[in-house]
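Work through the exercises below with the sequence and the model open. Each task is followed by a stepwise solution.

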Number of protein chains: 2
Amino acid sequence: MGAEKRRGVQTIFYEKPPVILGTGSVAGKKESEGPIGSYFDVVAEDNVLGEKTWEKAESAFARRAASEAFSNSGVAPDKIHYLFGGDLLNQCTGTSYGIRDFGIPFIGLYGACSTMALGLSMAASFIDGGYADFCAAITSSHFCSAEKQFRFPLEYGGQRPPGAQWTVTGSACAVVGSDGEGPVIDCVTNGRIVDMGITDANNMGAAMAPAAVDTLLHHFKDTGRTPDYYDLIVSGDLGLVGKSVVVDMLRKTGYDLSQNYNDCGLIIFDREKQDTHAGGSGCACAGLTFCGYLYKLLKEKQLHRLLFMATGALQSTLSVQQGESMPGVAHAVSIVVPS
Amino acid sequence: MGAEKRRGVQTIFYEKPPVILGTGSVAGKKESEGPIGSYFDVVAEDNVLGEKTWEKAESAFARRAASEAFSNSGVAPDKIHYLFGGDLLNQCTGTSYGIRDFGIPFIGLYGACSTMALGLSMAASFIDGGYADFCAAITSSHFCSAEKQFRFPLEYGGQRPPGAQWTVTGSACAVVGSDGEGPVIDCVTNGRIVDMGITDANNMGAAMAPAAVDTLLHHFKDTGRTPDYYDLIVSGDLGLVGKSVVVDMLRKTGYDLSQNYNDCGLIIFDREKQDTHAGGSGCACAGLTFCGYLYKLLKEKQLHRLLFMATGALQSTLSVQQGESMPGVAHAVSIVVPS
């Protein structure tokens, strides 16, 4: 016994790679108007799905995304052994209120914007470990609940500096199974916390970038792969600033990311036309971009090998007010189409 | 493949039960004056370990508890493959700032006061699954940071109703391994979210009790065990009110918990002498009671079979203000001394 599957220092290789059987994606109006807007399963034109508060809306998005994922994967909720999920609302209420009625054993996660990759890695590990036939991973974020909680009241109309990102409104859910048709998770690299001392809460891409670099370096070292192994490498929501930091830092270590690397925050919005400054962010940024868009490219075999790495900044408003820097974490999931 | 280890509907049985190799416990002054005060590894007489804010203090408690656990287990941090943890501060900063310097791959959890049991279940699953040789589980809470965040400023001097509980100040960490001497985790039952519509945030024991009952019933059904299989069954922090609800509800289903069931919130404080109303609560309540006290009884073979079930209430202040009820969850870990 012991860590026989953990051949790399930080990477788990699955003996029988778990299959992503289906996804659900529910997006807000602005997200539906972006470059990948036509891919989402459901668009909430009112941004609240009829709910009276932004927080209840975020939970409604999560409930709907889970329902879509169950339906699209053909796996009923009572067949799902564990649901892994979380979000950035205080005490992760977006998720827990959203999924409370499904009656699925619930493993609450906290990974900030890395939650979709963290959830996929946990789901795959529980399936390959023999603990479950089916698991689900879910996350959500909402521009209005996030601005209210983390920044300023919307009514205040605060100016946003150029490095600021725009929280994505939406929820995404994936169902993973031990058997079936679809792209598979062949290995995952869960990350360590990296804190380079950045304290500007309007520059989270730069705060998370060193964690992304740390996870990528471990992934390449553990797997023996180089960036060109993948058709596409995506980070979660580093945005324009963080993306350039990652490319620069990796170049210095001998890895060239200039050809096939992008960031979900730059995929989901058209920065210039949609006035989102440095790009999208929030748990749903990586969630929607993967579940709504990239998963479908994998299904259609337009992509064959994807490294999906979502990144999270682990500060709170209070920790920043108390002068703390922002620790980052990044979790990477390798998803391939069986040949 | 598939869920071959998951013989019960909601219970994972481990093929080679992971061993709890050592624990670390750091407690506040009030906790050190309670019935189990002499068992804790470290007591912070100043309640802040020299830090300037309660939140920084909570992280310092976590850092110290992890160090104690690494030392007591004889497992250095660079041997630990994954650290599972979380807490109740917004964005779980107690944990992430506390453990950021250890460089261990970090799986952030959100289980509110159920976090210690949730972390132990994840650690055991990752070890039995072959993904790790050593894992750690950690959690923390602090009376002052919790009152500030969830209730009233301490200076306000608000009266506490009789059903209110007292947040435990402390942090607890356990190191779990694939081999070695010590009590083992033979199976775990992760819980579903149960929401019975309770909206009184000063009566969280009652809100969490139905989730505890749901998890206990699944555990007994999945394992074929009855309550008398265990020397002791403990819930996390239901307190006096929630404990009586659990005993009553289980009696109606034919299970007698009157002989060997207690609650960590009633073990850690002397309710009458220490003026803690319905008992202790907070992530550290179950954490400290298990890692600081019950683990040592298992090591000394004063206990042979323990069902450690921590319970969490998943609301936020905002969700309660918006009229939402409080969903509960409970995770149960069966810990036995090998004969």
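**Exercise 1.** List what Phe308(B) touches, not counting residues up to four places away in sequence.

Solution. Step 1: take contact as heavy atoms within 4.5 Å. Step 2: Phe308(B) then touches Met116(B), Ala117(B), Leu120(B), Val234(B), Cys264(B), Ala286(B), Phe290(B), His331(B), Ala332(B), Val333(B) and Ile335(B). Step 3: in the largest nonpolar core, of 112 residues, Phe290(A), Phe308(A), Phe290(B) and Phe308(B) touch the most other members. A nonpolar core is a set of buried (under 20% relative accessible area, 1.4 Å probe, protein chains only) Ala, Val, Leu, Ile, Met, Phe, Trp, Tyr and Cys residues joined through side-chain atoms within 4.5 Å. Step 4: another core, of 64 residues, lies apart from it and includes Ala66(A) and Val184(B).

The model is predicted: local features need pLDDT of at least 70, side-chain atom pairs count only at pLDDT 80 or more, and totals for chains, interfaces and linings use all residues. Residues are numbered from 1 along each chain as its sequence is written, chains are lettered from A in the order in which they are written, and side-chain values use heavy atoms, without hydrogens and water.

**Exercise 2.** How many salt bridges cross the interface of chain B and chain A?

Solution. Step 1: the contact takes 67 residues from chain B and 67 residues from chain A. Step 2: look for a side-chain nitrogen of Lys or Arg within 4 Å of a carboxyl oxygen of Asp or Glu. Step 3: six salt bridges are found across the interface. One salt bridge joins Glu324(A) to Arg100(B), with the closest N and O atoms 2.8 Å apart.

Technical notes:
Buried < 20%, exposed > 50% of the residue type's maximum accessible area, 1.4 Å probe, protein only.
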